[in-house]
Amino acid sequence: MKKWAVVLSAATLAFASHSVMAKEGDTVYLYTWSEYVPEGLLDDFTKQTGIKVIVSSLESNETMYAKLKTMGKNQSYDVIAPTSYFVSKMAREGMLKELDHSKLPVLSELDPQMLDRPFDKGNKYSVPQLFGATGIAYNTETQDPANFQSWADLWKPEFKDKLQLLDDPREAFNIALLKMGQDPNTQDPAILKAAYEELLKLRPNVLAFNSDNPSSSFISGEVEVGTLWNGSVRIAKNEGAKINMVYPKEGTPLWIDNLAIPVTSQNPEGAYKLINYMLSAPVAAKLTEVISYPTANKVALAQLPKDLVDDPAVFIRSEVIEKSPWQLDVGDAVELYEKYYQELKTAK
């Protein structure tokens, strides 16, 4: 779901700026977030199966959704990586293939806490890959973590022109709605208007909106406080930034990036093989080591560095998860979220 720069394997990468052509059984077309295919990750898959993987870089769930909507029945990707709330939206609109679990033996290795979530009960249409959430990141040398116990703390006047917010309408409204004690998945126009008015009060504190490599601002020292994803905070730590993150008392919306098969897939059998490979313990462990988002594969946890698994900013503790809602599809209300968000960004 999240964007940051990474070098990908030229042998397996093809950025798709046009429709995918019809393909043979020895090729699988994967459409996923760019950082989720670090160099060499898919080499063994091709050696083991003889199947070539062509990877296209996914920039946003909205772009993925629009692209699949415009493709014909004979032109599509075989495996895609929708975030939780887009799984339910795409399944509801008949865009995802119902999965045959007998072809996914890797399911036995996955963490039960990441299965059967509200956005896809029974995992009929998707399987979890990586788990994430948003917290308040802060510079450990200049900021006191005691000052960040609630989302409301971001509204403090002392942070005027100092905050970085993730550049996403749902992320912005999440913090306002939780501050207000409201459901972050609300579709109520009156509540959304009130949340927008709360965000207008926050606007003077916002220095920047950034979802494209958001950890870079903390690494460079340009920003000392802001919202960040759990994987991104670890990236910043690995680059030497003096940073940590807290999850406010109201909880935080949780999301999972999943793997799914579009109904228009031309090679579903190859798609099942690729999903099993990508979610397998050795591959899942390697991916989490590189990008720091917690893997859905419980077997892979034993293969990860102890300091990574023990970092509560990355591997979110149960007490946070238990009080946090899942980010869900909001139906047509998404247009209202987007309208208010664009007005927020241009507000003075």
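Predicted model: local features only at pLDDT ≥ 70, side-chain atom pairs only at ≥ 80, totals over all residues.

A: **Aromatic rings and their surroundings**

Phe 173, Tyr 196, Tyr 337 and Tyr 340 are joined by ring pairs into a cluster.

Across the whole structure, the search returns 13 aromatic pairs. One of them consists of Phe 45 and Tyr 277, whose ring centres are 5.3 Å apart and whose planes make an angle of 55°, a tilted arrangement. Phe 45 belongs to helix H1 (residues 43-49) and Tyr 277 to helix H8 (residues 268-279), so this pair ties together parts separated by 232 residues in sequence. Are the two partners buried or exposed? Phe 45 is buried, since its relative accessible area is 1%, and Tyr 277 also counts as buried, at 10%.

Another pair is formed by Tyr 85 and Phe 86, with an edge-to-face geometry: the centres are 5.3 Å apart and the planes are at 65°. With a relative accessible area of 5%, Tyr 85 is buried; Phe 86 is buried as well, at 7%.

Two rings also have a lysine over the face. Lys 179 is placed over Trp 155, at 4.9 Å from the ring centre, and Lys 345 is placed over Phe 209, at 5.7 Å from the ring centre.

**The helix that carries Tyr 85 and Phe 86**

How many residues of helix H3 are buried? The count is 8 of the 9, and H3 is therefore largely enclosed by the rest of the structure. The buried residues include Tyr 85 and Phe 86, and among the others are Ser 84, Val 87, Lys 89 and Met 90. The partners against which the buried residues of H3 pack are helix H2 (61-70), strand E3 (79-80), helix H4 (169-179) and strand E9. After H3 comes Gly 94, which has a positive phi near 75°.

**The boundary between the domains**

The domain assignment divides the protein into domain 1 (27-131 + 255-315) and domain 2 (132-253 + 325-346). Their C-alpha centres are 26 Å apart. Contact between them involves 22 residues of domain 1 and 23 residues of domain 2. The buried area between the two domains is about 1800 Å², and carbon and sulfur atoms contribute 51% of that area. Which residues of domain 1 lose the most area to domain 2? They are Tyr 85, Trp 255 and Ala 313, which together account for 37% of what the domain 1 side buries.

**Loops**

Ser 292 is located in the loop between helix H9 (281-291) and helix H10 (306-309). This serine is buried, given its relative accessible area of 1%. Apart from neighbours within four places in sequence, the contacts of Ser 292 are Gly 231, Arg 234, Ile 235, Asn 238, Leu 287, Leu 308 and Val 314.

Most residues other than glycine have a negative phi. Asp 116, by contrast, has a positive phi near 60°. This residue sits in the loop between helix H3 (84-92) and strand E4 (127-139) and is partly exposed, at 36% relative accessibility. For Asp 161, phi is likewise positive, near 60°. Asp 161 occupies the loop between E4 and strand E5 (163-165), and its relative accessible area of 44% makes it partly exposed.

Conventions
Residues numbered from 1 in each chain as written. Heavy atoms only, no water. Phe/Tyr/Trp six-rings, centres within 6.5 Å; stacked < 30°, edge-to-face > 60°. Helix = DSSP H or I, 4+ residues; strand = E, 2+ residues; numbered from the N terminus. Buried < 20%, exposed > 50% of the residue type's maximum accessible area, 1.4 Å probe, protein only. Lys NZ or Arg CZ within 6 Å of the ring centre and 35° of its normal. Domains from an automatic or database assignment. Contact = heavy atoms within 4.5 Å. Buried area = accessible area lost by both parts, 1.4 Å probe.
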